[in-house]
Amino acid sequence: MNKPDNQSRTEPNAVTPRAQDYSQWYLDVIKKACLAEHSAVRGCMVIRPHGYAIWEKMQRELDDRFKATGHENAYFPLFIPLSLLTREEKHASGFAKECAVVTHHRLKSVNGEIVPDPESKLEEPLVVRPTSETIIWEQYKNWIQSYRDLPLLINQWANVVRWEMRTRLFLRTAEFLWQEGHTAHATEKEALEETWRMLDVYADFAENVMAVPVIKGRKTEGERFAGALETLSIEGLMQDGKGLQMGTSHYLGQNFSKSADVKFQNKDGRLEFVYATSWGVSTRLIGALIMTHSDDTGLVLPPKLAPVQVIVIPIFKNEEERLKIVEEAKKVAAELKSRGVAVRVDDRDGIMPGAKYYEWEGKGVPLRIEVGPKDLEKGSLCIARRFVPEIQGEKPEEQRRRRKSFLPRAEAIASIVPTLEAMQKELLERARAVRAGRTRVLDKIEDFEKFFKEEGGGFAWVHWAGNAGQEEEMAKRFETSIRCIPFEDQLPPEAKGEGNCILTGRPSKQRVLMSKSY
RNA sequence: CGGGGCGUGGCUCAAUGGUAGAGCGCUCGCUUGGGGUGCGAGAGACUCCGGGUUCAAUUCCCGGCGCCCCGACCA
């Protein structure tokens, strides 16, 4: 990476990036943090070790929550026979436009060129799973006979392929990693409860682990998952004012059990189709993390998702000093490790400490400990935070001073865990504040237009009673869509109550959440 | 699939109708070390592919291919 000149040096903690071009800013952060890059394969992404380590942390947190709600992991095939995928009509037509299809099973050399062997054409094409409902329900048919087999609560960690026209690292790639839960229940009530429960799991994860505040609600008919009776989602607001769907939980009713013919015998001995749910979150969440917290210096990670929570940087002049200081740095690291902190010592020689600061800040490491000769002498440590809570009107250099603190050694080490916990909370608060600053309760279409065309946009709470065609009109005029019809408790107090549709003026019982989106 | 932009050392880019240059990175040496040390030496490019114009093309023209951005499609 190029060394920035003095003018382009960045001060950490800028919540709103100076970059006008968010696309470029987003890519810069990913690059600085070494998270991912485009691969030579169209629309596909290479996740680099640091990015993958974040995903692993997410996986662990989510998996714990799935297990705690009674779910088990399993794995199903990558390939779905075409006839299986097309059994559920709406589901098939919903995904039809973005399927990768395998048609041959062998290659052959023709005139010196290796091509699919025409003789090896499959009798039935195989679709690379865009999602696994169909193949999983085909299997559930064999697993479910009695009400005693229910509920069946399964989750799968997998990759899926959706052949998107346009891709963006993490936010939309042709192949992505995700988890998909697929559950079967004896009653509609139980399935609905599961649908709502898993949305709560996602919302809890988003806020308490990712430190990204979300709005919970239901999708409009047009945005519903193909084949679902109800789609719930959590919606986050990114720093550029665009909304992002961060997770979905679907109530599938009996659609998939009917098309796969999955019946069970209830307590009365009668045969019934089972009720289904499915729910998923993907590596898109890493995109959400980046777009929510990062600044011009690079990535900012909530401590709970930081693969390295504390980086220890030894500072030394000569070999003699190096030996002593690195030894002390390793001791400090060992003490932190015993307290459950993910810590690393950057003892690389020949790289200036300042360069290391920039590097680890770019990667989003929450805390840095500097150990130098003076610390050894005084028995102290320097602790620097990746970010500090904003103070209005504060100058950058004041803030920089506030980011660092010099503490007696024991005190410094004891302060790490509480500081990480505090930073986790501060990050959520900061994201909440940014979102609040970009959220409006709007009643007039002129105000709506001004908000999205002049003020950068964000979340708009508006009354809506339009039809699908009128939703389309809003999309054309303002590039906005209904992100969700929020649950009642999700509305801010000033947005509650009845009113009139912002477009048609027709009476509306409740406001919906509108924004531009990814 | 439409609209725009770009393909030049590893990266970011410059220049030129006469076969290329910088910064960063990399290697070696010294120097330096609490916010991107400084100096010196060195390695590294058939200028995306194909064709055309020309005495001569990296440069101009045409056609591919690839990438990026903006739309349509979507987690």
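In helix α14 (residues 445-453), the buried residues are Phe448, Phe451 and Phe452. Seen down the axis of α14, they fall within an arc of 85 degrees, so these buried residues line one face of the helix. Keep in mind that this is a predicted model.

**Helix α14**

- Glu446 and Lys453 sit on the other side of α14, and both are exposed.
- An α-helix has 3.6 residues a turn, so residues three or four places apart point the same way.
- The buried residues of α14 pack against two kinds of element: the strands β22 (439-441), β23 (459-463) and β27 (511-517), and the helix α15 (468-478).

**Around RNA strand B**

- RNA strand B has 42 residues around it, and the closest are Met165, Met352, Gly354, Gly372 and Lys374.
- Elements giving two or more residues to this surface are β13 (242-253), α10 (353-362), α11 (373-378) and β20 (380-385).
- Which element gives the largest share of the surface near RNA strand B? That's α10, with seven residues.
- Sorted by class, the surface near RNA strand B has 17 charged, 14 nonpolar and eleven polar residues.

**The five-strand sheet**

- One open sheet has five strands in the order β18-β17-β19-β20-β21, and its pairing is mixed.
- At the edges are β18 (343-345) and β21 (404-408), each pairing on one side only.
- On average, neighbouring strands in this sheet are turned by 25 degrees against each other, direction ignored.
- Helix α9 (residues 319-337) packs on the sheet and touches β17 (310-314), β18, β19 (367-371) and β20. The direction of α9 makes about 165 degrees with that of β17.
- β20 and β21 run antiparallel and are joined by five bridges. Serine 380 has proline 408 in β21 as its bridge partner.
- Helix α13 (residues 409-437) lies across β17, β19, β20 and β21, and runs at about 140 degrees to β21.

**The three-strand sheet**

- Another open sheet has three strands in the order β4-β8-β5, with antiparallel pairing.
- β4 (79-81) and β5 (101-104) are at the edges with a single partner strand each, so one side of each is left without a neighbour in the sheet.
- From one strand to the next, the twist averages 40 degrees.
- β5 pairs with β8 (residues 121-128) over three bridges, in the antiparallel sense. Here valine 102 stands opposite leucine 126 in β8.

- How many of the eight residues of β16 (residues 275-282) are buried? Eight of the eight are, and the strand is mostly covered.
- Tyr275, Thr277, Trp279 and Val281 point one way from β16, while Ala276, Ser278, Gly280 and Ser282 point the other way.
- β10 (residues 175-185) runs antiparallel to β16, with eight bridges joining them. Tryptophan 178 has serine 282 in β16 as its bridge partner.
- β13 also runs antiparallel to β16, joined by five bridges. In this region, glycine 253 stands opposite alanine 276 in β16.

**Strand β11 and its partners**

- Ile215 and Gly217 point one way from β11 (residues 215-218), Lys216 and Arg218 point the other way, and all are buried.
- β11 pairs with β12 (residues 230-237) in the antiparallel sense over four bridges, and isoleucine 215 stands opposite glutamate 235 in β12.
- Two bridges join β11 to β24 (residues 481-486), again running antiparallel. The bridge partner of arginine 218 in β24 is isoleucine 485.

- Most residues other than glycine have a negative phi, and most peptide bonds are trans.
- The peptide bond from leucine 150 to proline 151 is cis, with omega near -5 degrees. Proline 151 is in the loop between α5 (133-143) and β9 (152-161).
- Cysteine 34 has a positive phi, near 55 degrees, and is in the loop between α1 (22-32) and β1 (36-38). Cysteine 34 counts as partly exposed because it has 17 C-beta neighbours inside 10 Å.
- Glutamate 479 also has a positive phi, near 60 degrees, and is in the loop between α15 and β24. With 14 other C-beta atoms within 10 Å, glutamate 479 is partly exposed.

Notes:
Residues are numbered from 1 along each chain as its sequence is written. Chains are lettered from A and ligands numbered from 1 in the order in which they are written. This is a predicted model: local features need pLDDT of at least 70, side-chain atom pairs count only at pLDDT 80 or more; totals for chains, interfaces and linings use all residues. A residue is near a molecule or strand if its C-beta atom, placed from the backbone, lies within 6 Å of it. Ala, Val, Leu, Ile, Met, Phe, Trp, Tyr, Cys and Pro count as nonpolar, Asp, Glu, Lys and Arg as charged, and the others, Gly among them, as polar. A residue is buried if 20 or more other C-beta atoms lie within 10 Å of its own, exposed if 12 or fewer, and partly exposed in between; C-beta atoms are placed from the backbone. Two strands pair if DSSP finds at least two bridges between them. The arc is that of the directions from the helix axis to the C-beta atoms. Two residues are in contact if their C-beta atoms, placed from the backbone, lie within 7 Å. Axes are lines fitted to C-alpha atoms, for helices over the stretch in contact, and angles run from 0 to 180 degrees between N-to-C directions.
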